[in-house]
Every structure is written in structure tokens, then in C-alpha cells.
Amino acid sequence: MNTARGSSGKAHKRVLPQGNFHRFDPSSVPSPCLVIDQERLEENSRRLARLRDEAGCKVLLALKAFALPACAPILDRYLDGTAASGLWEAKLGREAFGGEVHTYAPGLKPAELPEMVASTDALIFNSLGQYHRFAPLLANIDGSERLHLGLRINPRHQEVENALYDPAGPWSRLGIDGATLSPDDLEPFSFLHIHALCDHAFEAFARMVAAIEARLGHLFEAIEEINLGGGVLWTDDDFPLDEAIAFLTDFRARTGLRITLEPGTAVALHAGAMVGEVLDVMTADQGVGAPVIVTDLSATCHMPDALEAPFTPDCLNAETLPRTLRPNEVNDPNIARVGGPTCLAGDTIGTYRFNLLPQIGERLVFTDLGYYTTVKGTTFNGTPLPAIALWDSRKDAVEIVATFGWNDFATRLGPF
Ligand SMILES: Cc1ncc(COP(=O)(O)O)c(C=O)c1O
């Protein structure tokens, strides 16, 4: 990935952007396919477990980023549970994963509450108003007395450059400003929840925590715990884990607060790749300005962040070029723009300089796409969903854990 979703991409250096995938045989899976490297997933989980054990904090998987039940056996061994963004993720956390489930949604519906209570251990409210509306309803639901209640705070500290991913920006509907709250306002809550980063390195996390202490320190006496959210690349190869462990240990000792972290991207960092197949190659002699490749992998259906951010995933055996490159600036027959099979003009994965221009039927492997793919993908234009495979890169063993067909597409649209 050249340009991270939230920061400029300069904030961190990706040492192994392609993970183990240079060893992967893309013909061993159907196309398109999301492939998860179990070795890297376990390595990431081990790093997070080290953070948890040595810094004495709780680490939850943010299901919004990565939610493959097939990976639960690995993740459950290392993490404390899941962070859910609403009822369905909470149910998924409860039924498909182990450990605790913490749920936060900016909008709640009264009808969802009974199932939410059954699936959740900690419920985070987005505002005091939301809490006061829902507290009387909760009181009538069996089991609600065991819920830990939290309040989402917007720390008004901005690190994210891309407004699309900035929870702390102007007009944010994600949490309330804590500066004007008093400890008494927090009486119903045992913890605060803050998430203000996206694809950031340690320095940004440290700045955010310092800003939280400065703005919200007067509230710490009223709570037992603080959830510092996700958005940190804890598992990147050059991440200073020792420094982070010392920093969190110091914060815990100084404030007396327990800490929860809920990484998503960091869990699957460098552990996922999308395999696609070349369906057509339109070359300059066919009347296009510069070579254009059509694949069965779609940015809009399978990796919407690539268009929303936008970012360009790296492709094995190719150099990633700027998305802004125009056909009349291309003077190499091996440079091509790669896009999906849909009618969306901008369904572009990226522009690449290949060692040799790919041929029809060839497989392409786009790396660092484990997160925000299956969870966000759609079937726009009736495009089939990618299959899902687990690859044990130590033994080169591939297990196809899911394939999706017509019925899956049709049932997503409702009965007819
Ligand atoms: C509340 C919350 N927690 C955790 C995450 C996970 O962030 P990331 O996948 O960047 O680590 C997000 C991402 O949007 C979030 O909104």
C-alpha cells in the first residue's frame, strides 16, 4: 500500500509491504480470492499479545476491519475478544470468536437492545443524550446489569489528514467533547472510549495520549478504564514495540487506569492479498491511449477503500505508479492501468510498471489487502464476491474456506 488511509503514508515506513506473498502460487486459489497468510496473522497476533502482556492492557480485534470466522482459532489464542460496531458484529463476536465483546455504535435502535445485551459485555454510548434515552430501556432487559458502560469522547485532537477517516474532525458525530464534562457526569460509566487515529505510527499515538491527558485528565478520577481505540500500526515491522510498552506502562502507573486497545488493521497487516485474473488487455494499437488491463477484481466491489481514500495497493512483480499518471505521459509498453470488470469508469485498482505486460488469463496478486475488504465489499453490478482461502506459508498448504455463488448474491438482495 503506497498511501495509507489516514496519514500521508510518510508517517510510517512499510518494511515488508508484500509480507510472505512473493512465495505464494496464485493459481492455487479461485479468482478473485482474498488470501490470508496464517503465518503473518499469527505473528501479528503474537506481537499484540506481547503488548497486552507486557504493558498490562486488554487487546480486542476491531471486527469492522477484519471479521473472518475462519481465523478465530488463531486470533482467540492471543487476543482478549472483539470490538463490535453494532448488533450484527456483536453477534458475530459472540458466536464466532471468543473472549469479551465490546460494542459501540453512533446510532442505536430500541428494538436491537435485547439481542445487543445478550451479545455484549461492554456497551459504549455515543453521547449523554443517547445514554439517557436508552438507560430506562436497558433497565428492563435481563442481563443488562452485568454490562460495563462506556462513553465515547471526541478528544478534539486531529492526526488524520484525510477527512473521510478523521473521527476528530469538524462536524464529527463520533463521541462528545469531554472538556466540559464533570466527574459527576460520568457516574453511570466505568470507562471512556476514544478513537482518533488511522494507520498511524507510534509518535501520533503518543501525541494523542498526551492530548487526552491534557484535555480529559480531570475526568480520570471518575473512571476505571480507558479504551484508546484503533488506528495504530502496532504490528508493522519497524514499530517500536518496546517504546510503546514502556509508554503504556507509564501511563497506567501514572493514571491508575486500565487500558483497552482495539486494533483492526494491525491484526491483519501484511497478512492479506487479493488475487485477480486478467480478463482483457487493451493495448495502444487497439485505440486506447496506453495499455489498460481489465481484471475480475474490482476496486469498488472488493476493496472500496482503494477508491474512498484513495490508495493504490502494491502488485507483486510490478512497480506502483501514481494514480494521477495520464496516458500521454506513458512511454513504456509495460506500464498499464489495472481496473475491474464493472461499468464504473473509475473502478481503478492502480497504475503499474510490470516486468512484462500481463497476458489474458494471468493472475495478479495485490498485497496488503487483508483489512477493510471482505467487511466492506459489495456485489455491485452482480460481481461475484471473492473466495476466501487460508494459506499456511510454512507448508505452502492452501485451504479454501469459502466460495460464493449465485445464491449468496441473490439472498443478499432479499427473497423473490
Ligand atoms: C471505534 C473504532 N475502533 C477501532 C477501529 C479500528 O481501527 P484500525 O483498523 O485502523 O486499527 C476503528 C476504525 O475505524 C474504529 O472506528
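Biologist: Why does D368 count as buried?

Modeller: In this predicted model, D368 has a relative accessibility of 1%, and since buried means under 20% relative accessible area, D368 counts as buried. The residue is found in the loop between β16 (363-367) and β17 (387-392), and its phi is near 55 degrees, a positive value in a residue other than glycine.

Biologist: What makes H270 buried or exposed?

Modeller: The relative accessible area of H270 is 1%, and because the cut-off for buried is under 20%, H270 is buried. H270 lies in the loop between α8 (265-268) and β11 (272-282), and has a positive phi of about 60 degrees although it is not a glycine.

Biologist: How do you know whether A244 is buried or exposed?

Modeller: A244, which is found in helix α7 (residues 241-255), has a relative accessible area of 0%; buried means under 20%, and therefore A244 is buried.

Biologist: Why is the contact of R77 with E42 called a salt bridge?

Modeller: The closest N and O atoms of R77 and E42 are 3.0 Å apart, and because a salt bridge needs a side-chain nitrogen of Lys or Arg within 4 Å of a carboxyl oxygen of Asp or Glu, the pair qualifies as a salt bridge. The pair links distant parts of the chain, with R77 in helix α2 (residues 72-78) and E42 in helix α1 (residues 38-55), 35 residues apart.

Biologist: What makes R94 and D121 a salt bridge?

Modeller: Their side chains meet at 3.1 Å, N to O, and the limit is within 4 Å, so R94 and D121 form a salt bridge. R94 lies in helix α3 (residues 87-96) and D121 in the loop between α4 (113-119) and β5 (122-125), so the pair ties together parts that are 27 residues apart in sequence. R94 has a relative accessible area of 30% and is partly exposed, because that class lies between the cut-offs of 20% and 50%.

Biologist: How do you know that D177 and R156 form a salt bridge?

Modeller: The distance from N to O is 3.4 Å, and because the limit is within 4 Å, the two side chains meet in a salt bridge. D177 lies in strand β7 (residues 176-177) and R156 in the loop between β6 (148-154) and β7, so the pair ties together parts that are 21 residues apart in sequence. A search of the whole structure finds 29 salt bridges, and salt bridges that share partners join R40, E42, E43, R46, R47, R77 and D237 into one network.

Biologist: Why is E221 called exposed?

Modeller: E221 has a relative accessible area of 69%, and because exposed means over 50%, the residue is exposed.

Biologist: What makes strands β14 and β15 a pair?

Modeller: Strand β14 (residues 335-339) and β15 are joined in the antiparallel sense over 5 bridges, and because at least two bridges are needed, the strands pair. V338 stands opposite G350 in β15.

Note on methods: Residues are numbered from 1 along each chain as its sequence is written. This is a predicted model: local features need pLDDT of at least 70, side-chain atom pairs count only at pLDDT 80 or more; totals for chains, interfaces and linings use all residues. Side-chain values use heavy atoms; hydrogens and water are left out. Buried means under 20% relative accessible area, exposed over 50%, partly exposed in between (1.4 Å probe, protein chains only). Helices (H or I, at least four residues) and strands (E, at least two) are DSSP runs, numbered from the N terminus.
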